[in-house]
Amino acid sequence: MSRSSTPAGKLRAGIATTAAIGAVTVTYAAAIERRHWTLRTAELPVLTPGSAPLRILHISDLHMLPGHRGKQAWVAALSELRPDLVVNTGDNLSHAGAVPAVLRALGPLLDVPGLFVFGSNDYFGPKPKNPARYLMPQGRKKRVHGPVLPWQDLRAAFLEHGWHDLTHVKRVVTVAGRQIAVAGVDDPHLHYDRYGVIAGKPDAGAVLRLGLTHSPEPRVLDAFASDGYDLVLAGHTHGGQLRVPGFGALVTNCELDRTRARGVSRWGADMWLHVSAGLGTSPFAPVRFACPPEASLLTLVPRGTSTPAAHKAARWNAQSTVR
Ligand SMILES: [Fe+2]
């Protein structure tokens, strides 16, 4: 009898095989998929009837480090898409020295009208955490903050280029010659949200009522829906970051149900939700699996004139034919 045919030998072979598969998977998740930049597209019937389509580029969760040169180049090239509006739903920074890197990435897009809210990873740097914490229910997590980040510098640069900070701000902006009513909250993940500051019906004369939040917490989504918003954009979830093929996200890192961890979904009878899976990870958990880093190009069309196409994801390179 050979050694490998004994029970102990079979156990050793099984452990070795499992370890090898695990090592290959982790290597793929850390070295390949994490840099598999993807453009997700979707069509949403949310505009006032008779309006011309409006194209929004949704960027979230860059988690930028100064050395993320590939990500910076890919994001900068997104300007070729010529969106009407850029929306940034926060978590831009993973390092106190990353503001110039974020501005390198977003530089060409800063000439496009833009809206933003910040997330926890704009205010505080990352800290090493037990990866198992990510799989724990929210209530059992003890919040751990890293060092304070230079979010005021980033905010000042965005404002200098004409982007609007929607942190507890409600206003009407003109985009591509049309008026849209916009509002946002500070990061609900940190319990910084004070929806009461922006509560109330948005401008009924606008072609779109758009809400922003970093973390798609149901209490905030319910409030936007109750006030009559057409669409809310959010990030934070990283799409689950590690997804099981055929099952999807295991967690959302917030109270949102896992089926909405990324992409388009309905929230109530009249509101749409788009959650970006984002473009980064914590530097202490630099892996993504079945959930490539993404930006989203959302084409908004009039209500009732189209069935939204299933959202699609694809590799996108600069000078591609995507327009
Ligand atoms: Fe994030």
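Predicted model: local features only at pLDDT ≥ 70, side-chain atom pairs only at ≥ 80, totals over all residues.

Me: What makes S8 and S9 a strand pair?

Reply: Two strands pair if there are at least two bridges between them. Strand S8 (residues 208-212) and S9 have 3 bridges, in the parallel sense, so they count as a pair. Gly 211, for instance, sits opposite Val 232 in S9. To get from S8 to S9 the chain goes through helix H6 (residues 218-227), and that β-α-β crossover is right-handed.

Me: How do you know that S9 and S13 pair too?

Reply: By the cut-off of at least two bridges. S9 and strand S13 (residues 271-275) have 4 bridges, again parallel, so they pass. Ala 234 has Val 275 in S13 as its bridge partner.

Me: Why is S9 called covered on both faces?

Reply: A residue is buried if 20 or more other C-beta atoms lie within 10 Å of its own. In S9 (residues 231-234), Leu 231 and Leu 233 on one side are buried, and Val 232 and Ala 234 on the other are buried as well. Both faces are therefore covered.

Me: What makes the buried residues of H3 line one face of the helix?

Reply: In helix H3 (residues 99-106), the buried ones are Val 99, Ala 101, Val 102, Ala 105 and Leu 106. Looking down the axis of H3, they fall within an arc of 160°, so they line one face. They pack against helix H2 (69-77) and helix H5 (151-160).

How values were computed
Residues numbered from 1 in each chain as written. Buried ≥ 20, exposed ≤ 12 C-beta atoms within 10 Å, placed from the backbone. Helix = DSSP H or I, 4+ residues; strand = E, 2+ residues; numbered from the N terminus. Right-handed = clockwise from strand over helix to strand, strands pointing away. Arc of directions from axis to C-beta. Contact = placed C-beta atoms within 7 Å.
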